[in-house]
Amino acid sequence: MSIQHSVRLFQWPLQRIMLRGYSVRLVPVDYSHLDQLSRWSVEEDIWRYMTFAYLASRDELQTWIGSAMNANERGTELNFAIIDEASQLAVGTTSFYRVVPEHKRLELGKTWLGAPYRRTRINTAAKYLMFNHAFEMILANRVELNTDARNVRSQRAIERLGAVRDGVLRCHTIMRDGFVRDTVNYSFTIKDWPATKILLERLLEEHTSGVSQKAPPRLADDHDR
């Protein structure tokens, strides 16, 4: 599959949007999600390997939401609250950030879920919606995911989605406790996306067998939420 760079116009700045499919809704995060997110973010274990923030207190979470809203408004990032449509609760967050528009590249990260929602279809559905938007609407050539080399569980989860392990960035990031971590870098590219899309849809259909959410995700702007 060749990539026609002159034809594929990368979306920049990024446009605020709501993404919906497979009983999950991704909406631009704002202060209306603070109470629900703070219910889950108090768990210390969530932040063990995180580098973007430490949100175990309500005040820290509120400050981060304010920064995320500003980035959304400028179009430099897309920071979403993950909504479980079964409960109508905000159960975590996920983002596009570290965008390099001249190379049509961005990173998917800042992703966390409350304990009851991990190892469920929610993470897979959220990733599907994000990748679908990145490759088919933003028109990215590459989406990266990075994780701590010690976080084997995260690496296995990323690999189950079909990501390619591109390598290890040694002595890459200094953690809050001073530990200098190695970062494992993964990616999906526009060349990978057709096969990856099929894989993720099959995984999601297994989770939602007999449910009408098998339909392709609906895209809407951020006013439709």
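I began with the rings and found 9 aromatic pairs in the structure. I paired rings of Phe, Tyr and Trp (its six-membered ring) if their centres lie within 6.5 Å, with planes under 30 degrees apart called stacked, over 60 edge-to-face and the rest tilted.

A note to myself on the source: this is a predicted model, where local features need pLDDT of at least 70, side-chain atom pairs count only at pLDDT 80 or more, and totals for chains, interfaces and linings use all residues. Residues are numbered from 1 along each chain as its sequence is written, and side-chain values use heavy atoms, with hydrogens and water left out.

**Entry: two pairs**

I looked up Phe52 and Trp64, an edge-to-face pair with 5.7 Å centre to centre and 65° between the planes. Phe52 sits in the loop between α1 (34-41) and α2 (58-74) and Trp64 in helix α2, so the pair ties together parts 12 residues apart in sequence. Helices (H or I, at least four residues) and strands (E, at least two) are DSSP runs, numbered from the N terminus. Both Phe52 and Trp64 are buried (under 20% relative accessible area, with exposed over 50% and partly exposed in between; 1.4 Å probe, protein chains only).

Next came Tyr128 and Trp193, a tilted pair at 6.3 Å centre to centre and 40° between the planes. This one links distant parts of the chain, with Tyr128 in helix α3 and Trp193 in helix α5, 65 residues apart. Tyr128 is buried at a relative accessible area of 0%, and Trp193 counts as buried at 4%.

**Entry: helix α3**

How many of the 18 residues of α3 are buried? I found 15, so the helix is largely enclosed by the rest of the structure. Just after α3, Leu139 takes a positive phi of about 70°.

**Entry: the largest pocket**

I then turned to the largest pocket, which holds about 1,200 Å³ of space. On a 1 Å grid over the protein atoms alone, a pocket is an open set of points where a 1.4 Å probe fits, with protein on both sides within 12 Å along at least five of seven lines; lining residues have an atom within 4 Å of a point. Grid points are joined across faces, edges and corners, and the volume is the space filled by probe spheres set on the points.

The lining has 40 residues, and Thr111, Asn123, Asn151, Ser154 and Ala157 lie nearest the centre. Elements that give two or more residues include α3 (121-138) and α5 (193-207), while the largest share, 7 residues, comes from β5.
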